[in-house]
Amino acid sequence: MLNHYSFVFVTTLILNLSAENSNTGKMVYLPNGVYHPFFKNSDDFDSIRLQAFYMDVLPVTNGDFLDFLKKHPRWQKNSVKPIFADSLYLKALSSHNLSEQPEKELIQSPLTYVSWFASKDYCECQGKRLPTTAEWEYAAQAGESEPVSSENSPLFRRILFWYSQPTVFPLPKTGSAPPNYWGIHDLHGLIFEWVADFNSALFSNDSRTKGGLESSLFCGSGNVSVTDLKNYAAYIRYAFRSSLKASYSISNLGFRCVKDLPLQGGKI
Amino acid sequence: MKNKIWMESLIIIFIAVNCMQRKERHHALADHPGEALASPGSRSLYDAEARWFNQDLKPVALNNLAGKIQVLTFGFTRCPGACPQLIRDMQAIDNHLPADFKDQIHYTFISIDPQHDTPQALKQFSEVMHLDRARWQLLTSSAGNILTLAMLMGMQYKETKDGFFAHSNIIHILNPQGELIHQQIGLNRDPQESVGIIRKLLTDKSN
């Protein structure tokens with residue numbers, strides 16, 4: 001019951017605050033490109049050709065998601081089907097946290113404690129979708145001034161520094177750090193993000209009988225499959241993603257959406 | 001021509017289940033045969049509401065599978081070796097089950113390759129594999145629906161550079177309510193463990 005009241009309370013707030021951040025709901029265009037996967041098995045593509053797409057400038061915020069919950073009550077904590085979200089689902093939106101953090105900041109903080117299923121449906125309800133691993137990494141390899149940051153760029157050091165720090169709660173608001181080359185904020189330094197194919201990037205024919213974690217990434221000489229050993233940051237992200245299950249709701253894991261370009265000439 | 005119709009209908013399902021909002025309206029019309037299953041706390045996979053098509057181009061909702069024990073696997077019909085073996089492994093399980101109870105057990109093959117596996121291709125595959133039409137169903141849907149169901153069942157797959165798929169080789173056993181009870185992992189396994197679990201489900205069901 002308490003949850004219900006706090007929900008109504010916060011949704012009223014969104015109406016007042018949603019206009020505050022000009023980047024809310026904004027997407028940027030990423031042109032056709034090629035992504036060289038960080039981790040490759042013998043049967044994987046050497047490079048992945050990406051069609052141009054749009055990506056959200058900001059990760060989905062608490063405010064965005066509260067708005068979504070109002071329209072799609074099946075995703076509220078009390079009504080969500082247990083197969084789609086574990087017990088920690090939407091923990092950060094509980095009334096306890098509301099009293100600890102100024103509302104305005106909460107509304108603009110990235111949504112976390114959200115399952116892959118909820119993330120996927122959120123994007124689809126906006127006419128969007130979750131990015132693939134390749135799309136996310138393609139966008140995230142940009143520095144502030146170049147589309148692909150060089151190996152010795154300060155970006156990698158900053159990312160590794162962030163990975164080495166415990167997550168700070170409450171999470172800072174989205175869009176505070178400078179955008180990357182494409183104009184996208186917070187791909188690094190705030191939260192981890194769901195991708196559509198999070199559990200298959202490391203999967204190969206060699207591992208299919210195990211049906212589980214890719215041992216060749218983690219064990220001994222198996223690391224030869226890693227194409228760029230200097231990119232330890234990507235290594236951490238791949239390992240993190242492969243440890244997830246789609247119903248997990250985690251304190252530092254949220255998402256953003258992408259969108260395909262409209263079909264041209266009405267052709268299918 | 002058939003392919004074109006198929007692609008169009010795929011696009012229609014994609015739009016129809018794109019966002020669950022439509023389904024919420026659907027609920028309001030009480031047009032939901034599986035509603036009784038969705039008790040609070042249920043872990044039924046049939047809660048994943050999505051539209052599928054079978055090998056006869058017949059629309060199927062997952063909760064149509066309720067009421068029987070389901071033995072289910074994922075694969076694709078161009079699959080050179082593993083998928084026919086998974087089917088043979090399912091047939092091996094069936095061969096060890098008492099004949100009297102066979103009408104209570106149903107077999108489902110879910111395609112992970114909607115682009116190639118049209119209902120027609122699924123039908124052809126079921127004929128090549130000599131699948132009993134009364135007890136086997138082959139299903140396909142939009143790529144998004146297939147991925148959601150695969151995620152629910154802990155099943156991994158991805159496209160490989162030779163144009164095929166790498167995928168987990170798992171046979172899933174679901175109780176009549178659609179809860180995942182057991183996974184037989186790997187190819188060419190001794191069916192006895194799965195057979196034992198199905199026998200127990202049959203006993204539970206008759207009690």
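Author: Two strands pair if DSSP finds at least two bridges between them. With that in hand, let us look at this predicted model.

Reader: Which residue of E8(B) stands opposite B:Val71?
Author: Let us begin with the strands themselves. E3(B) and strand E8, residues 170-174 of chain B, pair in the antiparallel sense, with four bridges between them. Across this pairing, the residue of E8(B) that stands opposite B:Val71 is B:Ile173.

Reader: Is strand E3 of chain B largely enclosed or left open?
Author: Good one to check residue by residue. B:Ile69, B:Val71, B:Thr73 and B:Gly75 point one way from E3(B), while B:Gln70, B:Leu72 and B:Phe74 point the other way, and all are buried. A residue counts as buried if 20 or more other C-beta atoms lie within 10 Å of its own. Seven of the seven residues of E3(B), residues 69-75, pass that test, so the rest of the structure leaves this strand largely enclosed.

Reader: What is the handedness of the crossover from E3(B) to E4(B)?
Author: First, see how the two strands lie. E3(B) and strand E4, residues 105-111 of chain B, pair in the parallel sense over seven bridges, and B:Phe74 has B:Ile110 in E4(B) as its bridge partner. Between these strands the chain passes through helix H3 of chain B, residues 82-95, and this β-α-β crossover is right-handed.

Reader: Which strands of chain B stand at the edges of the sheet?
Author: Follow the order of the seven strands in this open sheet of mixed pairing: E2-E1-E5-E4-E3-E8-E9 in chain B. The edge strands each have a single partner strand, so one side of each is left without a neighbour in the sheet. They are strand E2 (59-61) and strand E9 (180-185) of chain B.

Reader: By how much are neighbouring strands of this sheet turned against each other on average?
Author: Here the direction of the strands is ignored.

Reader: Which residue of E5(B) stands opposite B:Phe109?
Author: Strand E5 covers residues 136-140 of chain B, and four bridges join it to E4(B), the two running parallel. Opposite B:Phe109, the residue in E5(B) is B:Leu138.

Reader: What angle does the direction of helix H6 of chain B make with that of E9(B)?
Author: Helix H6, residues 192-206 of chain B, packs on the sheet and touches E3, E4, E8 and E9 of chain B. Its direction and that of E9(B) make an angle of about 165°.

Note on methods: Residues numbered from 1 in each chain as written. Chains lettered and ligands numbered in written order. Predicted model: local features only at pLDDT ≥ 70, side-chain atom pairs only at ≥ 80, totals over all residues. Buried ≥ 20, exposed ≤ 12 C-beta atoms within 10 Å, placed from the backbone. Right-handed = clockwise from strand over helix to strand, strands pointing away. Axes fitted to C-alpha atoms, helices over the stretch in contact; angles between N-to-C directions. Contact = placed C-beta atoms within 7 Å.
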